[in-house]
Amino acid sequence: MKQPYKILLLLILITTGVVSAQEVVVYKKDFEVNKEGKVTLNLFTDEVLIEKSIDNKVHVDYSVSFTKYSKRQMQNYVEAIKVTTEKEGGNLAITSRGKNSKYRFFEIITSDKMALYLRSRDTVNIRKTKDSIVKEMYAGYKPYLKSIKVKPNKAKYSYEKSKGVRPKFVIKVPEGVILKVNGSSSQIKFNKIENQTELKIKRGGVILDKITNSKSRFHIKDGYFYAAEIEGAQFYFNDVYKGLIGSIKNATIENDFSKVEIAELKENVKINDYNGVFWFYNLNNNASFNLDSDYSKLNIYGKGENNNLINAFTSKVKEGSNPAANFTLEDQNINLKVANGLIYYHN
């Protein structure tokens, strides 16, 4: 049964045409689900935080904060948001359609955060650590919004909040349920989720703190992907224009036409790539690594170090030679197949 909810608290607190700040609850409800069941999320034009529930219930909480909006503008905005639910047995489906707005913003970008982003963008060939990748992930910059324009020659950056909208959408899911997420033009953040997860998203972004479930599958097309720590799962990237990974092991990446930075490459990692760009900043000397690539651009760091993976690359491509490479290399832990590639070494 579908149950749309709109809880408008406008008439209580609004006495004039325009107010400086106001929060409106759009949807708030809890659901009992089967612990072995499935929770399906269909998300369109939303920014969503998915986190762990501590009471074996699914909690859905959607609110919007307005700044300098009239009563009529708030009503129009909230009425354009559609949240429906359908529960069958122990399974639950939640569908949400958010609203785009020229005044919409998600986070004020401070000078420090913008400076951090600009440094990471302009110095991409400087070796990064896992900590620096994580700081960049949470700096508050969401590239597909492109809502803030700055000039690199300015020393300070500011963003004055005048008229704006800040949606807050939180979904809490209990441990054990299978989580299926479909999204379009949405930004989805996971916090302490260990559930088996299958995600497919287009024209949006995904932020993961940590993923350990080896049965999980993530498909991202035409967006960005940030992950602090990966210890399992399979990833499918297509036109991901900014990928940041703090550390990765026991995982597979299928990649097409995407740009991915990896701070720490650990054991049991398999990458199949076509026409992508990779930055490998720190290669684990004991890593078991499989790379099958075609028309790829690979950036390898630490060429002066005694590292099995670095030595595997340098044994095939001589210093100062043309970066184009076609070679294969197989041993106990390393399997490299590079066709029509460009390989660059950085200290």
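1. Aromatic pairs. A search of the whole structure, which is a predicted model, finds 14 aromatic pairs. Rings of Phe, Tyr and Trp (its six-membered ring) pair if their centres lie within 6.5 Å; planes under 30 degrees apart count as stacked, over 60 as edge-to-face and the rest as tilted. The pair of Phe 225 and Phe 237 is tilted, because the ring centres are 5.0 Å apart and the planes stand at 45°. Phe 225 belongs to strand 13 (residues 224-230) and Phe 237 to strand 14 (residues 234-238), 12 residues apart. Strands (E, at least two residues) and helices (H or I, at least four) are DSSP runs, numbered from the N terminus. Both Phe 225 and Phe 237 are buried; buried means under 20% relative accessible area, exposed over 50%, and partly exposed in between (1.4 Å probe, protein chains only).

2. A second pair. Phe 257 and Tyr 274 pair edge-to-face, at 5.5 Å centre to centre and 80° between the planes. Phe 257 lies in the loop between strand 16 (251-256) and strand 17 (259-265), and Tyr 274 in strand 18 (residues 269-274), so the pair ties together parts that are 17 residues apart in sequence. Phe 257 is partly exposed, with a relative accessible area of 43%; Tyr 274 is partly exposed at 34%.

3. Ring cluster. Phe 190, Phe 218, Phe 225, Phe 235 and Phe 237 are linked into a cluster by ring pairs.

4. Charges over rings. The charged end of Lys 29 sits over the ring of Phe 31, 5.8 Å from its centre. Arg 97 lies over the face of Phe 44, at 4.3 Å from the ring centre. The criterion is NZ of Lys or CZ of Arg within 6 Å of the ring centre and within 35 degrees of the ring normal.

5. Strand 2. In strand 2 (residues 38-44), 5 of the 7 residues are buried, so the strand is largely enclosed by the rest of the structure. Strand 2 runs parallel to strand 8 (residues 178-184), with 7 bridges between them; Val 39 has Leu 179 as its bridge partner there. Strand 2 is also parallel to strand 6 (residues 91-97), joined by 6 bridges, and Leu 41 is bridged to Ile 94. Strands pair if DSSP finds at least two bridges between them.

6. Whole chain. The chain has 5 helices and 23 strands, and 47% of its 347 residues count as buried.

7. Basis. Residues are numbered from 1 along each chain as its sequence is written, and side-chain values use heavy atoms, with hydrogens and water left out. Local features need pLDDT of at least 70 and side-chain atom pairs count only at pLDDT 80 or more, while totals for chains, interfaces and linings use all residues.
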